[in-house]
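Good morning, and thank you for making time on the agenda.

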Amino acid sequence: MKLAITGSTGNMGQAVMKQLCSLENIEKIKLLSRNRKRIKKLLKAIKPLKDKIEVIIGSSADPEVCKKLVDGVDYVVNMGAVIPPVADINPRAAVAANEVGAAVLVDAVENITENQPKFIHISTMALYGNRNHRHPWGRVGDPLLVSPFDVYAATKLRGEFKVLESKIKKWAVIRQTAMLHENMLSDNMSDGLMFHTCFNAPLEWATAHDSGVLIKNILKKDSECDLGDKFWKKCFNLGGGEVNRLTGFDTLNDGFKIIGGSAKDFFDPTYNATRNFHGLWFSDGEVLNDMFDYISQSTDDYWKRIAKLHPVYALGKIVPKGIIRSAAIKRLFKNYNSPAYWAKHGDEERLFAYFGGRDKYESLPKKWSDFDLLAEGRAEGEAVDYEKLKSEPTEIDYGFDFFKSDGEITKADLEAVATAHGGKLMSDEFQTGDMYKTLQWQTQDGEVFEANAYTVLRAGHWYNPIYKEYVWDFDRLAKKDKIWAQIWYDSHERDENRIYRLDSEFNVVAEKGDDA
(Lines give C-alpha, C1' and ligand atoms only; values in the text may rest on other atoms or scores of the structure.)
Protein backbone atom coordinates (compact mmCIF):
# COMPACT_ATOMS: atom_id res chain seq x y z
CA MET A 1 0.00 0.00 0.00
CA LYS A 2 1.37 3.39 -1.06
CA LEU A 3 -0.01 6.58 0.49
CA ALA A 4 0.07 10.31 -0.17
CA ILE A 5 -0.78 12.43 2.86
CA THR A 6 -1.29 16.15 3.42
CA GLY A 7 -1.58 17.71 6.86
CA SER A 8 0.66 15.12 8.51
CA THR A 9 2.11 17.66 10.97
CA GLY A 10 -1.29 18.89 12.15
CA ASN A 11 -2.93 17.59 15.29
CA MET A 12 -5.00 14.96 13.50
CA GLY A 13 -2.18 14.25 11.08
CA GLN A 14 0.31 13.44 13.82
CA ALA A 15 -2.19 11.06 15.41
CA VAL A 16 -2.75 9.35 12.05
CA MET A 17 0.97 8.95 11.41
CA LYS A 18 1.51 7.37 14.83
CA GLN A 19 -1.28 4.89 14.12
CA LEU A 20 0.12 4.01 10.70
CA CYS A 21 3.28 2.79 12.38
CA SER A 22 1.37 -0.38 13.30
CA LEU A 23 0.36 -1.24 9.72
CA GLU A 24 2.58 -3.86 8.13
CA ASN A 25 1.44 -3.53 4.52
CA ILE A 26 2.66 0.02 3.91
CA GLU A 27 5.29 0.23 1.21
CA LYS A 28 5.66 3.99 0.93
CA ILE A 29 4.23 7.23 2.31
CA LYS A 30 4.61 10.56 0.56
CA LEU A 31 4.21 13.48 2.96
CA LEU A 32 3.48 16.99 1.69
CA SER A 33 4.46 19.86 3.94
CA ARG A 34 5.47 23.51 3.81
CA ASN A 35 7.33 23.36 7.11
CA ARG A 36 10.67 21.54 7.23
CA LYS A 37 11.04 21.93 11.01
CA ARG A 38 7.66 20.37 11.77
CA ILE A 39 8.30 17.49 9.36
CA LYS A 40 11.67 16.86 10.99
CA LYS A 41 10.00 16.72 14.40
CA LEU A 42 7.31 14.38 13.09
CA LEU A 43 9.83 11.96 11.61
CA LYS A 44 11.43 11.51 15.03
CA ALA A 45 8.05 10.40 16.40
CA ILE A 46 7.40 7.82 13.68
CA LYS A 47 10.69 5.95 13.49
CA PRO A 48 9.10 2.62 12.39
CA LEU A 49 8.08 4.37 9.15
CA LYS A 50 11.33 6.25 8.62
CA ASP A 51 12.60 4.21 5.66
CA LYS A 52 9.20 4.38 3.93
CA ILE A 53 8.79 8.16 4.02
CA GLU A 54 9.31 10.52 1.11
CA VAL A 55 8.96 14.19 2.02
CA ILE A 56 7.78 16.68 -0.58
CA ILE A 57 8.19 20.31 0.41
CA GLY A 58 5.63 22.59 -1.17
CA SER A 59 2.02 23.71 -1.26
CA SER A 60 -1.10 21.76 -2.19
CA ALA A 61 -2.09 24.84 -4.20
CA ASP A 62 0.78 24.08 -6.60
CA PRO A 63 -0.34 21.77 -9.44
CA GLU A 64 3.16 20.42 -10.11
CA VAL A 65 3.68 19.60 -6.44
CA CYS A 66 0.35 17.78 -6.26
CA LYS A 67 1.06 15.87 -9.45
CA LYS A 68 4.30 14.58 -7.91
CA LEU A 69 2.55 13.80 -4.63
CA VAL A 70 -0.25 11.62 -6.02
CA ASP A 71 1.76 9.85 -8.71
CA GLY A 72 1.97 6.11 -8.15
CA VAL A 73 0.03 5.93 -4.86
CA ASP A 74 -3.01 3.88 -3.89
CA TYR A 75 -4.59 6.38 -1.47
CA VAL A 76 -4.57 10.13 -0.98
CA VAL A 77 -5.49 11.29 2.52
CA ASN A 78 -6.13 15.03 2.51
CA MET A 79 -5.94 16.38 6.06
CA GLY A 80 -4.19 19.60 5.10
CA ALA A 81 -6.01 22.64 6.43
CA VAL A 82 -5.54 26.07 7.95
CA ILE A 83 -7.84 26.28 10.95
CA PRO A 84 -8.79 29.04 13.43
CA PRO A 85 -7.26 31.12 14.88
CA VAL A 86 -4.67 31.07 12.05
CA ALA A 87 -7.48 31.17 9.48
CA ASP A 88 -8.71 34.40 11.09
CA ILE A 89 -5.25 35.93 11.26
CA ASN A 90 -4.17 34.84 7.78
CA PRO A 91 -7.33 34.18 5.73
CA ARG A 92 -5.37 33.99 2.47
CA ALA A 93 -3.55 30.96 3.84
CA ALA A 94 -6.93 29.37 4.57
CA VAL A 95 -8.03 30.00 0.99
CA ALA A 96 -4.83 28.45 -0.37
CA ALA A 97 -4.99 25.31 1.78
CA ASN A 98 -8.67 24.65 2.33
CA GLU A 99 -10.13 25.71 -0.99
CA VAL A 100 -7.48 25.97 -3.71
CA GLY A 101 -5.40 23.14 -2.27
CA ALA A 102 -8.36 20.77 -2.20
CA ALA A 103 -9.31 21.68 -5.77
CA VAL A 104 -5.77 21.21 -7.09
CA LEU A 105 -5.43 17.85 -5.35
CA VAL A 106 -8.73 16.72 -6.84
CA ASP A 107 -7.58 17.78 -10.30
CA ALA A 108 -4.31 15.91 -9.88
CA VAL A 109 -6.11 12.68 -8.96
CA GLU A 110 -8.72 13.11 -11.71
CA ASN A 111 -5.92 13.36 -14.27
CA ILE A 112 -4.73 9.87 -13.41
CA THR A 113 -6.66 7.60 -15.75
CA GLU A 114 -5.11 4.24 -14.88
CA ASN A 115 -4.77 2.95 -11.31
CA GLN A 116 -6.35 6.10 -9.97
CA PRO A 117 -5.77 6.53 -6.21
CA LYS A 118 -8.68 6.54 -3.79
CA PHE A 119 -9.26 9.90 -2.13
CA ILE A 120 -10.12 10.48 1.55
CA HIS A 121 -10.95 14.11 2.28
CA ILE A 122 -11.20 15.45 5.81
CA SER A 123 -13.86 18.15 6.02
CA THR A 124 -15.40 19.73 9.12
CA MET A 125 -18.60 19.97 11.13
CA ALA A 126 -18.10 23.77 10.98
CA LEU A 127 -20.06 23.59 7.71
CA TYR A 128 -23.27 23.16 9.71
CA GLY A 129 -22.88 26.54 11.39
CA ASN A 130 -24.52 27.62 14.61
CA ARG A 131 -26.76 25.31 16.64
CA ASN A 132 -28.49 25.64 19.99
CA HIS A 133 -31.01 23.75 22.11
CA ARG A 134 -33.72 24.00 19.45
CA HIS A 135 -31.90 21.74 16.99
CA PRO A 136 -28.77 20.46 18.76
CA TRP A 137 -28.75 17.26 16.69
CA GLY A 138 -27.81 16.88 13.04
CA ARG A 139 -26.68 14.44 10.39
CA VAL A 140 -25.02 14.43 6.99
CA GLY A 141 -27.68 16.00 4.79
CA ASP A 142 -28.48 18.84 7.19
CA PRO A 143 -28.32 22.36 5.70
CA LEU A 144 -24.85 23.91 5.53
CA LEU A 145 -25.16 27.42 6.96
CA VAL A 146 -21.58 28.42 7.67
CA SER A 147 -21.38 31.15 10.29
CA PRO A 148 -20.80 34.75 9.14
CA PHE A 149 -17.15 35.81 8.96
CA ASP A 150 -15.95 32.19 9.37
CA VAL A 151 -13.34 32.02 6.60
CA TYR A 152 -12.30 28.54 7.70
CA ALA A 153 -15.79 27.10 7.27
CA ALA A 154 -16.39 28.94 3.98
CA THR A 155 -13.18 27.68 2.42
CA LYS A 156 -13.75 24.14 3.68
CA LEU A 157 -17.28 24.26 2.24
CA ARG A 158 -15.91 25.08 -1.20
CA GLY A 159 -13.20 22.46 -0.94
CA GLU A 160 -15.67 19.76 0.05
CA PHE A 161 -18.02 20.69 -2.80
CA LYS A 162 -15.15 20.21 -5.23
CA VAL A 163 -14.57 16.68 -3.92
CA LEU A 164 -18.25 15.74 -4.01
CA GLU A 165 -18.57 16.94 -7.59
CA SER A 166 -15.30 15.43 -8.77
CA LYS A 167 -14.82 12.68 -11.32
CA ILE A 168 -12.66 10.71 -8.91
CA LYS A 169 -13.87 7.11 -9.03
CA LYS A 170 -13.58 6.44 -5.31
CA TRP A 171 -13.69 9.27 -2.80
CA ALA A 172 -14.95 9.67 0.74
CA VAL A 173 -15.64 12.86 2.69
CA ILE A 174 -15.33 12.79 6.49
CA ARG A 175 -16.55 15.78 8.48
CA GLN A 176 -14.39 15.98 11.58
CA THR A 177 -16.10 17.05 14.79
CA ALA A 178 -14.58 19.17 17.57
CA MET A 179 -11.25 17.48 18.26
CA LEU A 180 -9.39 17.19 21.55
CA HIS A 181 -5.64 17.17 21.07
CA GLU A 182 -2.59 17.63 23.25
CA ASN A 183 -1.99 21.23 22.18
CA MET A 184 -5.56 22.44 22.64
CA LEU A 185 -5.01 24.37 25.87
CA SER A 186 -1.89 26.16 24.68
CA ASP A 187 -3.48 26.87 21.29
CA ASN A 188 -6.48 28.52 22.93
CA MET A 189 -4.62 30.61 25.48
CA SER A 190 -3.02 32.95 22.96
CA ASP A 191 -6.09 34.24 21.14
CA GLY A 192 -9.63 35.45 21.81
CA LEU A 193 -11.06 32.52 19.87
CA MET A 194 -12.13 30.75 23.07
CA PHE A 195 -14.72 33.48 23.60
CA HIS A 196 -16.48 32.43 20.38
CA THR A 197 -17.57 29.18 22.04
CA CYS A 198 -21.17 29.66 23.10
CA PHE A 199 -21.82 28.34 26.60
CA ASN A 200 -24.97 26.58 25.38
CA ALA A 201 -23.56 25.29 22.09
CA PRO A 202 -23.90 21.51 21.60
CA LEU A 203 -20.47 19.98 21.04
CA GLU A 204 -19.61 16.39 20.26
CA TRP A 205 -15.93 15.75 20.86
CA ALA A 206 -13.54 13.18 19.45
CA THR A 207 -9.90 12.81 20.42
CA ALA A 208 -7.04 13.09 17.98
CA HIS A 209 -6.06 9.55 18.95
CA ASP A 210 -9.44 8.11 17.97
CA SER A 211 -9.39 10.11 14.74
CA GLY A 212 -6.03 8.55 13.93
CA VAL A 213 -7.37 5.08 14.65
CA LEU A 214 -10.26 5.73 12.25
CA ILE A 215 -7.99 6.58 9.31
CA LYS A 216 -5.74 3.61 10.06
CA ASN A 217 -8.71 1.24 10.20
CA ILE A 218 -10.15 2.59 6.95
CA LEU A 219 -6.87 2.04 5.12
CA LYS A 220 -6.34 -1.38 6.68
CA LYS A 221 -9.82 -2.69 5.88
CA ASP A 222 -10.01 -1.31 2.36
CA SER A 223 -6.52 -2.49 1.42
CA GLU A 224 -7.48 -5.99 2.54
CA CYS A 225 -10.90 -5.95 0.89
CA ASP A 226 -12.38 -3.01 -1.04
CA LEU A 227 -15.05 -1.37 1.09
CA GLY A 228 -17.22 -0.76 -1.96
CA ASP A 229 -20.18 1.59 -2.11
CA LYS A 230 -20.96 1.37 1.59
CA PHE A 231 -18.00 3.72 2.10
CA TRP A 232 -16.73 5.11 -1.19
CA LYS A 233 -18.57 8.08 -2.73
CA LYS A 234 -20.19 8.79 0.62
CA CYS A 235 -20.03 11.60 3.19
CA PHE A 236 -19.78 10.88 6.93
CA ASN A 237 -19.70 12.64 10.29
CA LEU A 238 -16.74 11.74 12.51
CA GLY A 239 -18.30 11.77 15.97
CA GLY A 240 -17.18 10.82 19.44
CA GLY A 241 -20.23 8.98 20.75
CA GLU A 242 -22.76 9.57 23.49
CA VAL A 243 -20.27 10.05 26.31
CA ASN A 244 -18.60 12.92 24.41
CA ARG A 245 -21.74 15.01 23.79
CA LEU A 246 -21.44 18.14 25.90
CA THR A 247 -22.00 21.88 25.71
CA GLY A 248 -19.48 24.69 25.51
CA PHE A 249 -19.92 25.33 29.22
CA ASP A 250 -19.40 21.65 30.10
CA THR A 251 -16.18 21.63 28.11
CA LEU A 252 -14.74 24.71 29.78
CA ASN A 253 -15.82 23.39 33.14
CA ASP A 254 -14.06 20.07 32.63
CA GLY A 255 -10.88 21.86 31.61
CA PHE A 256 -10.78 24.07 34.67
CA LYS A 257 -11.22 21.10 36.99
CA ILE A 258 -7.54 20.35 36.34
CA ILE A 259 -6.63 23.47 38.30
CA GLY A 260 -9.26 22.91 40.96
CA GLY A 261 -11.90 25.30 39.67
CA SER A 262 -14.88 25.62 37.40
CA ALA A 263 -15.83 27.73 34.41
CA LYS A 264 -17.81 29.99 36.73
CA ASP A 265 -14.65 30.75 38.71
CA PHE A 266 -12.81 32.11 35.69
CA PHE A 267 -15.49 33.31 33.26
CA ASP A 268 -18.45 35.67 33.50
CA PRO A 269 -21.58 35.12 31.39
CA THR A 270 -20.62 38.24 29.40
CA TYR A 271 -17.33 36.81 28.11
CA ASN A 272 -18.59 34.54 25.34
CA ALA A 273 -20.68 34.83 22.20
CA THR A 274 -24.31 33.75 22.30
CA ARG A 275 -24.52 32.67 18.64
CA ASN A 276 -22.50 32.40 15.39
CA PHE A 277 -20.43 29.43 16.53
CA HIS A 278 -20.45 25.89 15.14
CA GLY A 279 -21.18 22.61 16.87
CA LEU A 280 -23.82 19.89 17.12
CA TRP A 281 -24.47 16.35 18.28
CA PHE A 282 -24.48 13.73 15.53
CA SER A 283 -27.57 11.54 15.16
CA ASP A 284 -25.61 9.53 12.57
CA GLY A 285 -22.30 9.49 14.42
CA GLU A 286 -22.46 5.75 14.96
CA VAL A 287 -22.27 5.01 11.21
CA LEU A 288 -18.48 5.35 10.95
CA ASN A 289 -17.89 3.71 14.32
CA ASP A 290 -20.02 0.70 13.38
CA MET A 291 -17.86 0.29 10.28
CA PHE A 292 -14.43 0.95 11.78
CA ASP A 293 -14.69 0.67 15.59
CA TYR A 294 -12.49 3.67 16.36
CA ILE A 295 -14.05 5.31 19.44
CA SER A 296 -12.20 4.38 22.63
CA GLN A 297 -11.59 7.63 24.51
CA SER A 298 -13.89 9.98 26.40
CA THR A 299 -13.47 13.62 27.31
CA ASP A 300 -12.72 12.46 30.85
CA ASP A 301 -9.90 10.28 29.50
CA TYR A 302 -8.57 13.27 27.61
CA TRP A 303 -8.49 15.63 30.59
CA LYS A 304 -6.82 12.99 32.76
CA ARG A 305 -4.14 12.61 30.10
CA ILE A 306 -3.63 16.37 29.89
CA ALA A 307 -3.25 16.59 33.67
CA LYS A 308 -0.68 13.78 33.56
CA LEU A 309 1.26 15.32 30.65
CA HIS A 310 1.29 18.77 32.23
CA PRO A 311 1.60 18.39 36.04
CA VAL A 312 2.33 22.11 36.23
CA TYR A 313 -1.42 22.74 35.81
CA ALA A 314 -1.97 21.31 39.30
CA LEU A 315 -0.21 24.37 40.69
CA GLY A 316 -3.32 26.28 39.73
CA LYS A 317 -5.04 24.76 42.73
CA ILE A 318 -2.92 26.88 45.08
CA VAL A 319 -2.97 30.10 43.06
CA PRO A 320 -5.82 32.53 43.85
CA LYS A 321 -8.50 32.22 41.19
CA GLY A 322 -8.62 35.97 40.69
CA ILE A 323 -4.98 36.00 39.64
CA ILE A 324 -5.55 33.19 37.15
CA ARG A 325 -8.62 34.96 35.77
CA SER A 326 -6.66 38.17 35.20
CA ALA A 327 -3.41 36.60 34.00
CA ALA A 328 -4.83 33.88 31.74
CA ILE A 329 -8.34 34.92 30.71
CA LYS A 330 -8.96 38.65 30.95
CA ARG A 331 -5.63 39.48 29.32
CA LEU A 332 -7.13 38.07 26.11
CA PHE A 333 -9.75 40.84 26.11
CA LYS A 334 -7.09 42.90 24.34
CA ASN A 335 -6.96 40.42 21.47
CA TYR A 336 -8.77 41.48 18.30
CA ASN A 337 -10.68 38.17 18.27
CA SER A 338 -12.50 38.74 21.58
CA PRO A 339 -15.97 40.27 22.09
CA ALA A 340 -14.58 42.66 24.70
CA TYR A 341 -12.22 44.04 22.05
CA TRP A 342 -15.08 44.41 19.55
CA ALA A 343 -17.15 46.32 22.09
CA LYS A 344 -14.30 48.64 23.07
CA HIS A 345 -13.27 49.37 19.49
CA GLY A 346 -16.75 49.76 18.00
CA ASP A 347 -16.82 46.60 15.90
CA GLU A 348 -20.61 46.67 15.56
CA GLU A 349 -20.53 44.18 12.69
CA ARG A 350 -19.12 41.37 14.80
CA LEU A 351 -21.23 42.30 17.82
CA PHE A 352 -24.31 41.89 15.66
CA ALA A 353 -23.13 38.62 14.14
CA TYR A 354 -22.17 37.04 17.47
CA PHE A 355 -24.77 38.56 19.82
CA GLY A 356 -27.52 40.15 17.74
CA GLY A 357 -26.24 43.67 18.42
CA ARG A 358 -24.53 45.83 21.02
CA ASP A 359 -27.70 46.18 23.06
CA LYS A 360 -27.99 42.42 23.49
CA TYR A 361 -24.30 42.13 24.30
CA GLU A 362 -24.49 44.83 26.96
CA SER A 363 -27.68 43.40 28.48
CA LEU A 364 -26.19 39.96 29.13
CA PRO A 365 -26.53 38.89 32.80
CA LYS A 366 -23.46 39.69 34.86
CA LYS A 367 -24.07 36.89 37.35
CA TRP A 368 -24.20 33.17 36.66
CA SER A 369 -27.29 32.90 38.83
CA ASP A 370 -29.11 35.04 36.25
CA PHE A 371 -27.76 33.25 33.17
CA ASP A 372 -29.67 30.36 31.59
CA LEU A 373 -27.29 27.43 31.17
CA LEU A 374 -28.50 24.54 29.06
CA ALA A 375 -26.28 22.19 31.06
CA GLU A 376 -28.27 23.21 34.15
CA GLY A 377 -31.64 22.76 32.48
CA ARG A 378 -32.50 26.25 31.26
CA ALA A 379 -32.34 28.04 27.91
CA GLU A 380 -33.82 31.37 26.83
CA GLY A 381 -35.90 31.71 29.99
CA GLU A 382 -37.43 28.25 29.76
CA ALA A 383 -36.85 24.97 31.56
CA VAL A 384 -35.23 22.31 29.37
CA ASP A 385 -34.84 18.62 30.16
CA TYR A 386 -31.16 18.48 29.33
CA GLU A 387 -30.75 14.72 29.69
CA LYS A 388 -33.80 14.07 27.53
CA LEU A 389 -32.50 16.53 24.95
CA LYS A 390 -29.23 14.60 24.81
CA SER A 391 -30.98 11.26 24.34
CA GLU A 392 -33.68 12.13 21.79
CA PRO A 393 -32.36 13.46 18.46
CA THR A 394 -34.28 16.36 16.99
CA GLU A 395 -35.27 16.16 13.33
CA ILE A 396 -35.80 18.67 10.56
CA ASP A 397 -37.79 18.51 7.33
CA TYR A 398 -35.42 17.92 4.40
CA GLY A 399 -38.11 18.46 1.82
CA PHE A 400 -38.30 14.72 0.99
CA ASP A 401 -38.30 11.37 2.77
CA PHE A 402 -34.69 11.41 3.94
CA PHE A 403 -34.80 7.78 5.02
CA LYS A 404 -35.44 6.45 1.55
CA SER A 405 -32.56 4.44 0.17
CA ASP A 406 -30.55 5.99 -2.64
CA GLY A 407 -32.08 3.50 -5.05
CA GLU A 408 -35.55 4.84 -4.25
CA ILE A 409 -34.82 8.51 -4.91
CA THR A 410 -37.00 9.82 -7.75
CA LYS A 411 -37.18 12.97 -9.80
CA ALA A 412 -40.15 14.02 -7.65
CA ASP A 413 -37.87 13.94 -4.59
CA LEU A 414 -35.36 16.21 -6.31
CA GLU A 415 -38.08 18.62 -7.35
CA ALA A 416 -39.48 18.70 -3.82
CA VAL A 417 -36.09 19.55 -2.33
CA ALA A 418 -35.48 22.30 -4.87
CA THR A 419 -38.91 23.77 -4.18
CA ALA A 420 -38.30 23.69 -0.41
CA HIS A 421 -35.11 25.67 -1.04
CA GLY A 422 -37.12 28.24 -3.00
CA GLY A 423 -35.62 27.12 -6.31
CA LYS A 424 -36.27 24.41 -8.84
CA LEU A 425 -34.78 21.44 -10.66
CA MET A 426 -33.85 22.45 -14.19
CA SER A 427 -32.84 19.05 -15.58
CA ASP A 428 -35.60 17.16 -17.36
CA GLU A 429 -34.20 13.66 -17.07
CA PHE A 430 -33.36 11.72 -13.94
CA GLN A 431 -33.24 7.99 -13.63
CA THR A 432 -34.45 6.77 -10.24
CA GLY A 433 -31.49 6.16 -7.95
CA ASP A 434 -28.85 7.77 -10.20
CA MET A 435 -27.34 9.84 -7.39
CA TYR A 436 -24.15 10.91 -9.15
CA LYS A 437 -25.40 12.25 -12.47
CA THR A 438 -24.68 15.96 -12.90
CA LEU A 439 -27.91 17.94 -12.78
CA GLN A 440 -28.86 21.57 -13.20
CA TRP A 441 -30.64 23.43 -10.42
CA GLN A 442 -31.85 26.99 -10.03
CA THR A 443 -31.62 28.95 -6.79
CA GLN A 444 -34.30 31.31 -5.52
CA ASP A 445 -32.22 34.12 -7.02
CA GLY A 446 -32.48 32.54 -10.46
CA GLU A 447 -28.84 31.47 -10.55
CA VAL A 448 -28.23 28.10 -12.21
CA PHE A 449 -25.67 25.71 -10.74
CA GLU A 450 -24.64 22.13 -11.33
CA ALA A 451 -24.52 19.40 -8.73
CA ASN A 452 -25.46 15.75 -8.48
CA ALA A 453 -28.35 14.45 -6.40
CA TYR A 454 -26.04 13.05 -3.72
CA THR A 455 -24.39 16.43 -3.14
CA VAL A 456 -27.74 18.19 -2.69
CA LEU A 457 -29.93 15.57 -1.01
CA ARG A 458 -27.41 13.55 0.97
CA ALA A 459 -24.61 16.03 1.69
CA GLY A 460 -26.78 19.13 2.25
CA HIS A 461 -25.21 21.50 -0.29
CA TRP A 462 -27.37 24.19 -1.91
CA TYR A 463 -25.70 26.94 -3.90
CA ASN A 464 -25.66 30.49 -2.52
CA PRO A 465 -23.23 33.46 -2.61
CA ILE A 466 -20.83 31.92 -0.07
CA TYR A 467 -19.76 29.34 -2.68
CA LYS A 468 -17.95 32.01 -4.69
CA GLU A 469 -17.55 35.12 -2.51
CA TYR A 470 -17.46 36.09 1.14
CA VAL A 471 -21.09 37.13 1.41
CA TRP A 472 -23.38 35.63 4.05
CA ASP A 473 -26.91 36.51 2.94
CA PHE A 474 -28.90 33.99 4.99
CA ASP A 475 -31.23 36.56 6.58
CA ARG A 476 -32.74 37.22 3.17
CA LEU A 477 -32.44 33.74 1.72
CA ALA A 478 -33.98 31.95 4.73
CA LYS A 479 -37.19 33.90 4.24
CA LYS A 480 -37.91 31.80 1.13
CA ASP A 481 -35.91 28.67 1.98
CA LYS A 482 -37.98 26.35 4.18
CA ILE A 483 -35.07 24.00 4.85
CA TRP A 484 -32.66 26.71 5.97
CA ALA A 485 -35.31 28.59 7.94
CA GLN A 486 -35.68 25.68 10.37
CA ILE A 487 -32.09 26.16 11.56
CA TRP A 488 -31.33 29.82 10.84
CA TYR A 489 -34.22 31.14 12.91
CA ASP A 490 -33.19 29.12 15.93
CA SER A 491 -30.66 31.87 16.65
CA HIS A 492 -31.75 34.78 14.41
CA GLU A 493 -34.88 36.90 14.51
CA ARG A 494 -37.13 36.65 11.48
CA ASP A 495 -37.00 40.41 11.02
CA GLU A 496 -33.20 40.52 10.98
CA ASN A 497 -32.05 41.91 7.67
CA ARG A 498 -28.26 41.89 7.50
CA ILE A 499 -25.78 40.96 4.83
CA TYR A 500 -22.42 39.96 6.29
CA ARG A 501 -19.38 40.50 4.06
CA LEU A 502 -15.63 40.34 4.00
CA ASP A 503 -14.10 42.93 1.70
CA SER A 504 -11.06 42.42 -0.52
CA GLU A 505 -8.79 42.83 2.50
CA PHE A 506 -10.92 40.45 4.60
CA ASN A 507 -12.28 43.25 6.76
CA VAL A 508 -15.77 42.64 8.14
CA VAL A 509 -18.88 44.48 6.97
CA ALA A 510 -22.45 43.94 8.15
CA GLU A 511 -24.87 46.07 6.20
CA LYS A 512 -28.61 46.23 6.07
CA GLY A 513 -29.98 44.30 3.15
CA ASP A 514 -32.92 44.98 0.90
CA ASP A 515 -36.28 44.05 2.36
CA ALA A 516 -37.33 40.62 1.15
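A nonpolar core is here a set of buried Ala, Val, Leu, Ile, Met, Phe, Trp, Tyr and Cys residues joined through side-chain atoms within 4.5 Å. Buried means under 20% relative accessible area, exposed over 50%, and partly exposed in between, with a 1.4 Å probe and protein chains only. The model is a predicted one, in which local features need pLDDT of at least 70 and side-chain atom pairs count only at pLDDT 80 or more, while totals for chains, interfaces and linings use all residues. Residues are numbered from 1 along each chain as its sequence is written, and side-chain values use heavy atoms, with hydrogens and water left out.

Which residues touch the most other members of the largest nonpolar core? They are Phe119, Phe267, Leu414, Trp441 and Trp472, in a core of 125 residues. Taking contact as heavy atoms within 4.5 Å, and leaving aside neighbours within four places in sequence, tryptophan 472 meets, among others, Val146, Pro148, Phe149, Ile466 and Tyr500.

I turn now to the sheet. Helices (H or I, at least four residues) and strands (E, at least two) are DSSP runs, numbered from the N terminus. Two strands pair if DSSP finds at least two bridges between them. Seven strands make up an open sheet with parallel pairing, in the order 3-2-1-4-5-7-10. Strand 3 (53-57) and strand 10 (234-238) are at the edges and have a single partner strand each, so one side of each is left without a neighbour in the sheet. From one strand to the next, the twist averages 20 degrees.

Within the sheet, strand 1 (residues 2-6) pairs with strand 4 (residues 75-78) over four bridges in the parallel sense, and alanine 4 stands opposite valine 76. For the helices that follow, axes are lines fitted to C-alpha atoms, for helices over the stretch in contact, and angles run from 0 to 180 degrees between N-to-C directions. Helix 3 (residues 63-70) packs on the sheet and touches strands 1, 2, 3 and 4, its direction making about 165 degrees with that of strand 2. Helix 6 (residues 151-164) also packs on the sheet, touching strand 5 (118-124) and strand 7 (171-176), at about 155 degrees to the direction of strand 5.

Is strand 7 covered on one face or on both? Both faces are covered: Trp171, Val173 and Arg175 lie on one side, Ala172, Ile174 and Gln176 on the other, and all are buried. Strand 7 runs parallel to strand 5, joined by six bridges, with isoleucine 120 opposite alanine 172. Five bridges pair strand 7 with strand 10, also in the parallel sense, and there glutamine 176 stands opposite leucine 238.

Next, helix 15 (residues 348-355). Six of its eight residues are buried, so helix 15 is largely enclosed by the rest of the structure. The buried residues are Arg350, Leu351, Phe352, Ala353, Tyr354 and Phe355. Their cover includes helix 14 (339-344), helix 16 (358-362), strand 19 (498-502) and strand 20 (508-512). Just after helix 15, glycine 356 takes a positive phi of about 95 degrees.

Finally, glycine 260 lies in the loop between helix 9 (248-256) and helix 10 (263-266). Its relative accessibility is 41%, so glycine 260 counts as partly exposed. Not counting residues up to four places away in sequence, glycine 260 touches Lys317 and Lys321.
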